[in-house]
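This report examines how two protein chains meet and how selected parts of each chain are arranged. The structure is shown first, and the description follows.

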Number of protein chains: 2
Amino acid sequence: MAKRQGRYTLILDEKPSIESFSSVAGKKEREGPLGRLFDITTDDTTFKKDSWEKAESQMLKECITKTLEKGQLSSEQIDYILAGDLLNQCVTSSYANREINIPFIGLFGACSTMALSIGLAGLMVDAGLAGRCIAATSSHFCSAERQFRLPLEYGGQRTPTAQWTVTGSGSVVVSNARRSPHISAVTIGRIVDLGVKDACNMGQAMAPAAAETIKDYLTDTGESPDSFDAIVTGDLGLIGSELMLELLMKYNINIAKQHKDCGIMIFDIDKQDVHAGGSGCGCSASVLCAYFLPKLASGEYKRILFAGTGALMSPTIVQQGESIPGICHLTEITSQ
Amino acid sequence: MAKRQGRYTLILDEKPSIESFSSVAGKKEREGPLGRLFDITTDDTTFKKDSWEKAESQMLKECITKTLEKGQLSSEQIDYILAGDLLNQCVTSSYANREINIPFIGLFGACSTMALSIGLAGLMVDAGLAGRCIAATSSHFCSAERQFRLPLEYGGQRTPTAQWTVTGSGSVVVSNARRSPHISAVTIGRIVDLGVKDACNMGQAMAPAAAETIKDYLTDTGESPDSFDAIVTGDLGLIGSELMLELLMKYNINIAKQHKDCGIMIFDIDKQDVHAGGSGCGCSASVLCAYFLPKLASGEYKRILFAGTGALMSPTIVQQGESIPGICHLTEITSQ
């Protein structure tokens, strides 16, 4: 049973397994440095559907199906699916799962959703509330651009601080299967808002939350950054990453050596014209499932912190002059 | 520790307490049959804010503050807040909680959110993952109308099947305080889509999911409807309620005697011009906290099923010709 350590962290005694995992990514992501690591990639980012929303939903569905297939599991063996996404009313997740007859827990954590869903799935399995859970999320460049910024047809200019929403998804099965990798701790984040109002600079809005949650975990557990092969943030990008490292230094915490940001890793930032890096729920989800989980499963990595970051805004409320609250949820994942 | 009974239901051995609860409602809701039962009501549905989104957020914040106050609790005593709402990107919940420094789990269940949040909070406390959780949600007529249908200024005609989004919110503290009422079982629902495409007939879209989840609970536990003082649905309204009763009869389950629908209870349907009844996350949340929980706390009611229903659609995807998936999460609440 999970034990609370410090104020914010739960240590999972049973160390639930990530029994199966898979990732799907689009064309631009395939052309990036991690391109050959994704389970499924596609040239056709419509996924043979007639709208971007339906395309994203289809992508998530294919990702979940692939995860079940890789684990040789059927949907009857899954107790709960925990999923959410960026689209209004989380329709990607609902429509992807309406034909999969599994009890559904809808989450909203913006780009932190993968860390939230995998963390909650870990807690539920550890507590014996479920034998097996799926945790999944996605994002799609085209559906996100038109919903959060401008329709693609408008051809709007992107600011230098803008990030490129990843077309991708990731999904995992968390279970008590006793197979590597394992979920060993969860820190659920608090909402942090330092007053950033620029919806084209999400990294800056999310960085303070990332710094708080990583500090919370390290304070709660007394661990040193040196204990980890990687301290992974979701999608802070170039600007947010720098700011987060700076904020942590104010607490005398230096994670520069261990820090990796999925938003920086997924694209070749200089060559792929993505400005400050990648973003979107699918960014950290696909990089976790394509890059980090295989390294943990093989034992190349012993231990990582996976800190998903989200900007909890809507275009409507930002247009009304409000600042953008950020959140960061953290899950510790180990090879043993 | 929770035990699974049947395929879908978890029985909570520790029976976590609903230690404190409160509700906020608007002017129209105050004029309805339950008007004098809400903790806070207001003539000014702007809640002194300059947009409907900010108004809804302020309402939820006041509701959570009231719940803490009634329980003589401070925010430091709360381990997690579980909340979600209907607005794009769940901004009501994020903005209401950005000044409350509590780890935040964002949920999306549309109008089923209260049943989902109270159920998950119950599971977390029962499993020892938390000592105290807040579960909360809200909806606002004016923010919902302009987002899901038409701006109020347009003066659009409502169809006879339309429901009136409740301006209201409800919030509870779930804990191991051993005080009545108690959460004794949770059934997380599956997504059900029977092909309803009419976004002005939400009751019809949600009824199949309600029938499935109530059937699941009764099948899993072997309980008879007669064991309950009330079997409460969230906001099926007149049309959805009738359809749900009919669908359950196909399984030879008759809950007509015990059934109460929050969407029918909250308004005087004939006099208040609400067509098929009330709806919105705040409908079941406020009626639960204002009407049912006090009856359970006093012992007048011994046992109810609280089945929150949600339509998991966005206007965008319905305009693209998709049907509307429904979900229903169920929580059993007892006086002892």
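The sections below treat the interface, the salt bridges, a helix pair in each chain and some backbone features. The structure is a predicted model.

**The interface between the chains**

The size of an interface is often given as the accessible area lost when the parts come together. Here, chain B and chain A bury about 5,200 Å² between them, and 56% of that area lies on carbon and sulfur atoms. On the chain B side, the residues that lose the most area to chain A are B:Q89, B:R98 and B:L129, which together account for 14% of what that side buries. In terms of contacts, 61 residues of chain B touch 61 residues of chain A.

Polar interactions also span the two chains. There are 32 residue pairs in polar contact between chain B and chain A, counted where both residues have pLDDT 80 or more. Several elements of chain B each supply at least two residues of the side that touches chain A, including the helices α2 (52-70), α3 (91-97) and α4 (113-126) and the strands β6 (104-106) and β15 (326-334). Helices α5 (141-148) and α10 (315-319) of chain B are also among them. By class, this side of chain B consists of 34 nonpolar, 16 polar and 11 charged residues.

**Salt bridges**

Side chains of opposite charge can pair when their charged atoms come close. Across all chains, the whole structure holds 47 salt bridges, and seven salt bridges are counted between chain B and chain A. One salt bridge pairs the side chain of A:R98 with that of B:E322, with an N to O distance of 2.5 Å.

Another salt bridge joins the side chains of A:E145 and A:R158, at 3.7 Å from N to O. This pair links distant parts of the chain, 13 residues apart: A:E145 belongs to helix α5 (residues 141-148) of chain A, whereas A:R158 sits in the loop between α5 and β8 (164-165) of chain A.

Two packed helices are described by the angle between their axes and the distance between the axes. The table gives these values for the pair in each chain.

| Helix pair | Axis distance | Crossing angle |
|---|---|---|
| α6(A) (residues 202-221) and α7(A) (residues 237-250) | within 8 Å | roughly 40 degrees |
| α6(B) (residues 202-221) and α7(B) (residues 237-250) | within 8 Å | roughly 40 degrees |

The crossing of α6(A) and α7(A) is right-handed, and α6(B) crosses α7(B) in a right-handed manner. In chain A, residues of α6(A) including A:G203, A:A207, A:A211 and A:I214 meet residues of α7(A), among them A:G240, A:L243 and A:L247. This contact has nine nonpolar, three polar and one charged residues. In chain B, the α6(B) residues in the contact include B:Q204, B:P208, B:A210 and B:K215, and those of α7(B) include B:M244 and B:L248.

**Backbone features**

Most residues other than glycine have a negative phi, and most peptide bonds are trans. A cis peptide bond joins A:S180 to A:P181, with omega about -5 degrees; A:P181 lies in the loop between β9 (168-175) and β10 (182-187) of chain A. The bond from B:S180 to B:P181 is likewise cis, with omega near -5 degrees, and B:P181 lies in the loop between β9 (168-175) and β10 (182-187) of chain B. The loop between β9 and β10 of chain A also contains A:R178, a residue other than glycine whose phi is positive, near 60 degrees.

Conventions: Residues numbered from 1 in each chain as written. Chains lettered and ligands numbered in written order. Predicted model: local features only at pLDDT ≥ 70, side-chain atom pairs only at ≥ 80, totals over all residues. Heavy atoms only, no water. Contact = heavy atoms within 4.5 Å. Buried area = accessible area lost by both parts, 1.4 Å probe. Salt bridge = Lys/Arg side-chain N within 4 Å of Asp/Glu carboxyl O. Polar contact = N/O pair within 3.5 Å; in protein donor to acceptor, adjacent residues only side chain to side chain. Helix = DSSP H or I, 4+ residues; strand = E, 2+ residues; numbered from the N terminus. Nonpolar A, V, L, I, M, F, W, Y, C, P; charged D, E, K, R; others polar. Axes fitted to C-alpha atoms, helices over the stretch in contact; angles between N-to-C directions. Left-handed = near helix turned anticlockwise from the far one by under 90°.
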